[in-house]
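Visitor: Could we go through this structure together? I would like to begin with its overall dimensions.

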Amino acid sequence: MKKIEEMTRLSIFEVFKKMFFVFLEPLDDEGNGYDVEAAIRFEGPVSGEIRIFLSTDLVKTMVQNMLGLQEDEITMQSMEDCSKEAVNMICGNFLGRFDSTKVFNLSVPTFSKEIRSLELGKNAFRTDFDSDGGRVGMMATLSNQ
């Protein structure tokens, strides 16, 4: 499980750095100041779900950096699309690191303005990060580990 945790941590760092030009710093404590959530499920040699939690300020920074929009041009739809794309890229990056020779089936990413439970279940882990633009957290749950 520690190896998978490290792979997901590297994936979120890489996606935020390369796609959104946001540099993350790990947080020692688990924050709860999140406003939106995006999630994706995956099935294959390993199955599970990745959820990311984002502050509104960070999503706006991501949209501005990825799409080149001004703050007054950002809509709720662009924030939803950007959040879903972020979780999709993080999951794809993680699965490529896990085993690039295997096929995985991904669900359509979901988005919510409500944060589901942040309690960790069996075979789950969570990491939280801070940046100049806001906070992001990630929770991964594996179902066949």
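Guide: This is a predicted model. With 145 residues, a compact globule would have a radius of gyration near 15 Å, and the chain has 14 Å, so the value agrees with that expectation.

Visitor: What box do the C-alpha atoms fill?

Guide: Taken along the principal axes, the box is roughly 45 × 30 × 25 Å.

Visitor: And how many helices and strands are there?

Guide: The chain has three helices and seven strands. Along the sequence they follow the pattern α-β-β-β-α-α-β-β-β-β.

Visitor: Which residues touch the most other members of the largest nonpolar core?

Guide: They are F16, F20, I50 and L54, in a core of 38 residues. Elements that each supply at least two residues of this core include α1 (2-20), β3 (48-54) and β7 (134-142). The largest share, nine residues, comes from α3.

Visitor: What is F20 in contact with, leaving aside its neighbours within four places in sequence?

Guide: F20 is then in contact with V15, M62, N65, M66, C82, A86 and M89.

Visitor: What share of the chain's contacts with a separation of 6 or more links residues 24 or more positions apart?

Guide: Such pairs account for 70% of those contacts. Buried residues, for their part, make up 44% of the 145 residues.

Note on methods:
Residues numbered from 1 in each chain as written. Predicted model: local features only at pLDDT ≥ 70, side-chain atom pairs only at ≥ 80, totals over all residues. Heavy atoms only, no water. Core = buried A, V, L, I, M, F, W, Y, C linked by side-chain atoms within 4.5 Å. Buried < 20%, exposed > 50% of the residue type's maximum accessible area, 1.4 Å probe, protein only. Helix = DSSP H or I, 4+ residues; strand = E, 2+ residues; numbered from the N terminus. Contact = heavy atoms within 4.5 Å. Rg over C-alpha atoms; globule rule 2.2 N^0.38 Å.
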